[in-house]
Amino acid sequence: MSTQVHGRGLSGPRRSGPRAGRLVAAAGAAALVFSAGLATPLDPAPRRAAAAEGDSVLTVAVAQSVDSLSPFLAQRLVSTSIHRLMYEYLTNYDPKDNHAVPGLATRWESSPDKLTWTYTIRSDSKWSDGQQATAQDAAWTFNKMMTDEGAATANGSFVGNFEKVTAPSPTQLVIQLKKPQATMTALDVPIVPKHVWEKVGDFSKFNNDKSFPVVGNGPFVLTDYKPDSYVRLKPNKDFWRGAPKFDELVVRYYKDQDAAVAALRKGEVSFVAGSPSLTPAQAASLKNEKNIRVNDAPGRRFYALATNPGAKAKNGQKFGDGDPSLLDARVRHALFQAVDRKTVIDKVFQGHAVEGQGYIPPRFSQYFWKPSASQELAYDPEKAGRLLDQAGYKKNSAGKRLGKDGKPITYRVLCHATDPNDKAVGQYLTEWWGELGIGVTLDCLDNVTDPWLAGTYDLAFDGWSVNPDPDFVLSIHTCAALPATPKVTGATDNFVCDKRYDDLYARQLAEYDPAKRATIVKQMESRLYDLGYMNVMAYPNAVEAYRTDQIKSIRTMPSAAGNIYGQDGYWSWWSAVPAASDGSSDDSGSTGIVIGGVVLAVILVGAGGFVALRRRSTADDRE
Amino acid sequence: MTTDTPARVTETGPRALARQRRRRSVVRFWTRYRTHRAGLAGLAALILFALVALTAPLTVGSDVAGVTDAPGQPMESPSGAFPLGTDRFGRNLLGLLVWGSRISLLVGLLAAVLSVTIGTLVGITAGHFKGAYATVLMRVTDWFLVMPTLVLAIALATVMSRSLGTVVLAIGVTTWPTTARLVRAQTLAVESRPYIERAKALGGGHWHIMSRHVLPNVMPLVLAQATLGISTAILAEATLAFLGLGDPTVVSWGGLLQEAREAGAVSSGDWWYLVPPGIAIAAVALAFTLCGRAVESVLNPRLEVDR
Amino acid sequence: MSSAQKTAAPVLAGPAVRARTPRARTTAAYVRYGAGKLGGAAVSLLAVLVTGFFLFRLIPGDPVKTMTGGRPVSAEQLASYRREFGLDLPLWQQFTDYCGKALTGDLGTSYQFRAPVVDKISEALPNTLLLTGTGFVLYTALGILLGTRAAWRNGRLGDRLNTGLALTLFSVPSFWLGLLLIIVFSVGIGPIPGMFPTGGMESGGEEGFAYVIDVAHHLVLPVITLVAVEYGQTLLVTRSALLDEMGSDYLTTARAKGLRDDLVRRRHAVPNALLPTVTLIFVNLGRTVAGVILVETVFSWPGLGGLFYQALSVPDLPLVQGLFLFFAATVIVMNTLADLVYPLLDPRVGR
C-alpha cells in the first residue's frame, strides 16, 4: 500500500550516484543483528539428558501456560495439577466417590471439641534427594503460610482458621483451629521439603524453576521446564503407592486448541484436555479417528445465569445499578422459565452437557440435589409471560414490557468474550426474552470483573468448578462474603445475602458427620434455587481425547465415568499404562521431519542463491 | 451536454465555470481510469460486492442471523439446501456470508472515512498554520506513526466495550497519521503557489483558504488514501474480530472466522466454515487495493508506467 | 502480518518532505540533523512511557481479582496482593514509581508470572527474533529480487503475474493463511500427509544438531505465512521506485551516451531505487518484534506477541506496559536509525 507513497517520496531533484558499498554495509549490519538473534535460541545451552530411544512418553497438551512452579504462588489449574504430581498432600480423594483417602497422612482424627486435628504422617515417603518426608515438613509448610504473606498467596485461605500447627514427632502433625472446620480432610496444600525451601528468601518472587530436578515426593519428579513451552516429569521410582508406568510425562502448552487437536491426530501428543473442553465439532471429528478415544465425562462445573440482587456491602451501603425489577422473585423465575435448557444442551453444547438442576453437579452424588416437582422452574414461556403480567410488568402496544418507571425493560447481560458458549447462549437469550417483551444487551468483555465487582450489570453468565468438598462454592453466597465497604472487594460471587442460607452454611461447616452435612448442603441448594439469583442452566461435560495407541489404559475420576485432566488427585497420570508399541506415529513424525527438512533446504538454497546473485552483480559493479 | 456549455459559461459566472471544470476533470479522470485494467476489475468486483450487500435484506433477510429458528443442524457440511453448509447454530452459512458483507463493508468504510477525516483535518491545519501549532501536531502524528498499530488497536479495543463503534474507532484512530503527513506535504506545496498569496492579499481568511483552495487540491489524494484505507480497515476489522475483540452479536466476516475457530472448525476439517469468509475478505481487500492503485496512478501521472 | 500494521510503512513520507528543504552540505549540518533526530526519538520514548502507563490503566478490570478468579481467596488475601503490587498506592505515586524504575531499566514484576518483566521479555525475545528475523531476511530478499525483476519486465506477463500474486497475498489475512497452512500441511488433507508440526517451537528432548533441525522444522510454516503476507510490500515498493527511477532524465542521458541498457539499470537505476526499500527495511526491522502477534497466536509460538496478548487479558499491567514500551522503543530506534542512515545513502537529504 505504501508503494505509491514511495513514488511520491522520490519526486525530488534527481542525481545519479551508486552507493552500493554503503548499502551492502548496511545490509551486512542487519544480517549480523539477525544471525545474533538466530544463534541465541538455537544454541543448545545446558540441556537435560535426552529421552532414550524407545522410552514411553506421555505427552499432555494443555491450553494454559504455567504461571509459577512454586506451590505457594501457583494458581492456574495446569500448575496446581503439576504440583499434585510433584508433591504429596496430606490427603487425597478416592477416585470412585471422592471420599478422603490417605496421602502423606495415613490417619486423621479430631478431638471431641472439634478444634484439634491430629494427622499420622507415613514413614515410607522419601524426598527425591533421599531424605525422609516427615511431619516437620508439613508443619513447616503450614507455618510458613501462616506467617509469611508471600507464602500465603495461593493457598492462604486454607490456613485462615488455623490457630497453631506443630509436629510433636516425625510421624505426628497437630493442627489447632480457631473454629470448627469440616474441610480438614480436604486441605489441597502441597507439602514441600523443609530442608530445601527454608533457603528461599522472598516467597513472593521465588518460582521454583531454576534448579532441576525439583525435589519432591509425589508420583513424578519435575526434571525440566521451559516457560510457555513444556514441563517434563520423570516417574518417582520410590513413590510409596508404586511408580507410574510411563517413562516420562511431558505437559506441553498449546496456545491454540486446534493446534493441540491436530497434534493429537498426528500422534505428537497423547492427550488433549481442551480449555475447558473440546468443542462439539472437534469431538465429533475425533470420534471417527482410528486409535483415538474421546472421553465425554460428566463435568465438575456448573454453568449458570447469575442475577444482580442489588449489590451491597457488609456495612449496608448499596452500590451498583442492577435493574430494580429483578428484586421481584417472580421476574427472576419468569426469566428462567423462558430459558429453554434443552435447546442449550442440544444446540450450544450439542449433547456434551447435562441439564441444570441444583447448584452442585451430579458428579458429586452425595451433594447433588434436584428440585421437587412443585418447586421446579421448568421451561414454560407462556407461564413466564403470565408471571410477568402478575408482577405488574405489562406489555405496551409495541410488545415491550414496561418497568415501574414506565420505560421498556432492557437487561444488560455480562458475558465472557473468551467463552464461545456465553456468546452462543447470549444470542438465544436475546431471542427468547425478546419474545417475552424484554430487551437484552449482551456485554461481552475479556475481563468482566470490573462491572461485576461494581454491581453494574443485571444478569451475568457464571460458572464455578466444584471441589469434592463444596465449602468454597457455598461460601461465596453468604453475607459474610460481601465486601466490607463498596470500595474493597469481597469473596462474594454475585452479592447474594440471605439469612436462612447463612444459618444453614454455619451449621454445615461445623458438622463433622458426612451424611448429616450432606443433608444440610442440600437444604442450602434448595434455598438458593428458590431465591432465583443463581439459575443453573447446565453442567458442561469434560470432553477430552487421547490416543489409544499410546495410552493403553488410564483411570478416570470418578472411575465409572469421569474426567482425566484436572482430577482431584494424581490418579490419571499415575495410573496410565503405555500401549505396547507406538511405532506408527513415530514413523510419520520422522517422515515429516525429512520432508520438512527438504522444504527448508529448498528455501535456504533459494535464499542463498539470491544472495549469491546479488553479490555477483555487486562484483560486476566494481569492475 | 459538454458541447453547449462554453456558450453559457460567459453568462453564468465563475461558479458555473468551476462546476464545469470539475465535471471536465471527472470525465478526464474516468477516461484515464478506464485504461487501467486491474483498476476496472477491482471496480467491477466492488460494485458486485456493494450490490450483494445492499440487496441482502431482499435476498437473505435479517432472519438468517436468528438462532432460535435456525433451519439446519449445527455444522452441516455443504449440501443442496445449504450450499456452504451450516454454522454452529445450524444457520445457513451462505446467507450469513451475504449478510456479513454488510457489516464488514460498513465497518471498513466508516473506519476509513474516520481515519481519512482525522488525517485530512490534521494535515491541512498543520500545513496551513505553521509555527508551534503545527510542530505540536506533527509531533503527535509522528508519535502515532511509531506506535505499533495493531498493539495500539488491540489496547483500544480492550479498553472500550465490544461494539462496532469500538472497532471503527480503534481502526480509525490508529491509521490516520499516514494521511495526515501526505496531506500536510500537499498542503505546503499548494500554499506555496502564487494564487494563494493573491487570495490572502485579497483578504481571504484561514477558513476560506483551507476550504476553497487547499481542500479541493488535496481531495484527489484524500480519495486515493480513503480507497486504500478501506482495504486496510477491512483487514483490520477481521483481525480484531479474530482476536475476539469484535462485537459478538453481529455477523461479520471476521466474526465468522472467529466463530469457526472457536467451534474448532480448523482441526475438525470443516473447511466450508473457514474458507469462504477468508476468501471474501481477501477479495474485497484486493478489489479496494486495485482501485486505490489505479486512482493513485491516474492522479499521479509520474507513475503512469506503474499499472 | 497484520493488516493494521501495514500502514506503518508510510513513515517513508518523512524524508521526502525533508528532501525539499535545501541544506548546507557540511558534516556539521549532518551532526545537527542527527542530534535533532535523536532528540526527537528521546521525546517520543518519553511520550510512549507516559502513554503506556495511562492507556493501560483505562483497561477495565481489577488485575488482582482477575488473577485470583475462580479460586478461593479471602478479602485479606486480595488486600495483601494489592499491597504487594503497589496497587493500593494513589495513581500519581504508582506513576512516579513506574517512571523512576523504568528509567533505570526496571520494568517491574509481572503480576501473573511473578517474575521481572525484563526477564519475561528477554526469555521470549530470542524466539520472536528467530521467527521474525528469518521471515524478515527471506521476505526482504524475495521482495527485492521479485520487485527488481517485475520492474525490468514492466508490463509483460511475468510482471503482471508477479505483481498480481503479491497484491493478492498482501490482501489475505495472515491468520487465515496460517490456519489454512495448518489444515493442509500440518493436519494433512487428502493425499497430502501432515508433514509439519502444528505449533510450538520445539518437540523437546532433542539435543545438538537434532535440536536445530527440530526448531527449523517447527519454523517452516510460520515463516512461510510471514513471508507470504509480507514480501508483497517490499516487492511493490522496490518495483515502483525502480520504475520511477527508470523514467528519469539522467537515465535517458546515460543511454543516449551509449551505455548498455542493463548496465544503466544495474549501475544507476537499481542503487538509487533501493533507497526507499532501505527505509522500508528499517521500518520492517522495527516492527519485527511487535509484528507477529497473529502468526505467533496461530502457531503457538512462544514469543513476545503471544506474551502480550496473554498479558492484556489479565490485565498484567507491568508486563503490558513493559511490552508496549519495548515494542514502541524498537520502532522508534529503527526509524531513527533509518533517518540517520538515509542522508548517508542519499545525498539529496541532509547534506
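**Chain C, helix pairs and an interface**

Guide: In chain C of this predicted model, residues 24 or more positions apart account for 75% of the contacts with a separation of 6 or more.

Visitor: And how many helices and strands does chain C have?
Guide: Chain C has 15 helices and zero strands. Of its 351 residues, 62% count as buried.

Visitor: At what angle do helix 7 and helix 10 of chain C pack?
Guide: About 35°, with the axes of helix 7 (residues 117–152) and helix 10 (residues 208–246) 6 Å apart. Helix 7 of chain C passes helix 10 of chain C in a right-handed crossing. The residues of that contact are 18 nonpolar, nine polar and two charged.

Visitor: Switching to chain B, is helix 10 roughly parallel or roughly antiparallel to helix 11 there?
Guide: Their axes come within 7 Å and cross at roughly 30°. Angles under 35 degrees count as roughly parallel, so helix 10 of chain B is roughly parallel to helix 11 of chain B.

Visitor: Which residues make the contact?
Guide: Helix 10 of chain B gives B:Glu237, B:Ala238, B:Leu240, B:Ala241 and B:Phe242, while helix 11 of chain B gives B:Trp253, B:Gly254, B:Gly255, B:Leu257 and B:Gln258. By class, that is six nonpolar, three polar and one charged.

Visitor: Last topic: how many residues of chain B are in contact with chain C?
Guide: 45 residues of chain B, meeting 46 residues of chain C. The elements giving two or more residues on the chain B side include helix 5 (131–146), helix 10 (206–242) and helix 13 (271–299). That side has 28 nonpolar, twelve polar and five charged residues.

Definitions and conventions:
Residues are numbered from 1 along each chain as its sequence is written. Chains are lettered from A and ligands numbered from 1 in the order in which they are written. This is a predicted model: local features need pLDDT of at least 70, side-chain atom pairs count only at pLDDT 80 or more; totals for chains, interfaces and linings use all residues. Axes are lines fitted to C-alpha atoms, for helices over the stretch in contact, and angles run from 0 to 180 degrees between N-to-C directions. Helices (H or I, at least four residues) and strands (E, at least two) are DSSP runs, numbered from the N terminus. A crossing is left-handed if the near helix is turned anticlockwise from the far one by less than a right angle, and right-handed if clockwise. Ala, Val, Leu, Ile, Met, Phe, Trp, Tyr, Cys and Pro count as nonpolar, Asp, Glu, Lys and Arg as charged, and the others, Gly among them, as polar. Two residues are in contact if their C-beta atoms, placed from the backbone, lie within 7 Å. A residue is buried if 20 or more other C-beta atoms lie within 10 Å of its own, exposed if 12 or fewer, and partly exposed in between; C-beta atoms are placed from the backbone. Angles under 35 degrees count as roughly parallel, over 145 as roughly antiparallel, 65 to 115 as roughly perpendicular and the rest as oblique.
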